[in-house]
Amino acid sequence: MTSADDSALSSFVERLGFFFSDSNLRRDKWMRAKLDESGGLTLDDLLSFNTIKTISTDKALLAKAAEDADLKDLISYDAEKEVISRRVKFDRETAGDGHELSIVVQNLPLTTPPPEEEKAADDGKAEGEKKAADDGKSEEEKKDAEDCKPVFKPRYAVNRDEVKALFEPYGKVGIVQLRWAKKHHDRDDDKHAGQDGSRGYSRGESYPLGMAFVEFQNADGMNAACADLIADKADVGDEKKKESGEGDEAKAAGGEAPRPKTTLELKGNALRISRKKPPKFRDDRKRDGPAKRKRNDDGGGGGPPEKQFEPMKVDRKPGCIISLAGLSAEKCDRESIREAVSATLGVSTDVKSSGLYVDYSRSDTEGYLRLVNGSKAEEMKELVSKINDGSIKVADEKAEAKVLEGEEESAYYDKLEEFLNKRKRAQFEERNEKRQKGGRGYRR
């Protein structure tokens, strides 16, 4: 292999380790749904990812990365089906939210405006040009021109990879999240902008908080980092106490405040490290006053009752399912199936208005058609006949078809209902997580 291939292989291994990790699957709904639905991802699925395509489009190299020794405990590769799957199925309940493996990194460097002397020199050079350009303009036009001047907005002066590399010596890092927040005011005075990075931003724009969450892949890495980077006696979960001076109790008593063994620096900034706190549940938070409090049956205050997951039931219309077999694993997709069958079934090719659901995953050789608005017995019979005699081909290949009945139809509806409820539960749990964090989900 060339050095370029070696580099691409190493990058593929890193990307596969990330995509199939607990750290990513906690946040990636599409990946979770895909793994729940089909048990794994094909090489073609992965090669459609932008971060994979930018490394290489060499499928053989990606397959080699999937069999790398560094990934043997995380994923397995089926060479015949070209499918990568996790060795241990991801379970949201046992995986948790990752806070016990995460640290908070504060005081990350932000970009700064040009030095004042350079700015002054530039302003001096441009003064004559500005005066000439302003001649003949009304005051309103001058004001509009002034408002249109570019405004400096701080950005992160580091990227995720730089932050990750800083903590990799302690253990493998699963994910790094640079933190942003939305500006809720238009003021840029010292009281409202201060050092929070929002100066120059308008209301509603996201600005950098100068902090990140770093999640390790295992407890060994987390413990090693905490032992070295967090002072033993510091209240490591509460930065507000440090800012208010409560962290200086040891100094007030005549001693020194506890210091970490190591203080990391990044581009000249000394970083502050703390453990990430678990999310607070809504019932644990203080209410603003009696008017906002709910009352229990005994008259005492309490939070709103926790919502319960309600599984959905599929409307099991009989005679509405056609099974397909012998589909091309290389060429077939949902669009080619829909294009082949819509005319005979008398439905539109538009996904939303057709009333036809195509149940198929790329690289599979089997799939299903489901008419959600009820059976079309004659049209379905004609379609099955034409597919079986080859007069209708799917992705230019002959296939097989039949209308499901009895136990086969019931088994399909059972599987469909299970899949839909898994997806609904994942969405329900994600909404619950956001409510527990106060209605604001984590930004990336």
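Start by selecting helix H16 (406–436). H16 gives the most to the lining of the second largest pocket, with seven residues. Helices here are DSSP runs (H or I, at least four residues), as are strands (E, at least two), numbered from the N terminus.

This is a predicted model: local features need pLDDT of at least 70, side-chain atom pairs count only at pLDDT 80 or more, and totals for linings use all residues. Residues are numbered from 1 along each chain, and side-chain values use heavy atoms, without hydrogens or water.

By class, the lining has 12 nonpolar, eight polar and 19 charged residues. Nonpolar means Ala, Val, Leu, Ile, Met, Phe, Trp, Tyr, Cys and Pro; charged means Asp, Glu, Lys and Arg; the others, Gly among them, are polar.

**Two helices**

Move to H1 (residues 3–19) and H6 (residues 59–66). Their axes come within 9 Å and cross at roughly 55°. That makes H1 oblique to H6. Axes are lines fitted to C-alpha atoms over the stretch in contact, and angles run from 0 to 180 degrees between N-to-C directions. Under 35 degrees is roughly parallel, over 145 roughly antiparallel, 65 to 115 roughly perpendicular and the rest oblique.

Finally, show side chains. Among the residues of H1 that meet H6 are Leu 9 and Phe 12; contact means heavy atoms within 4.5 Å.
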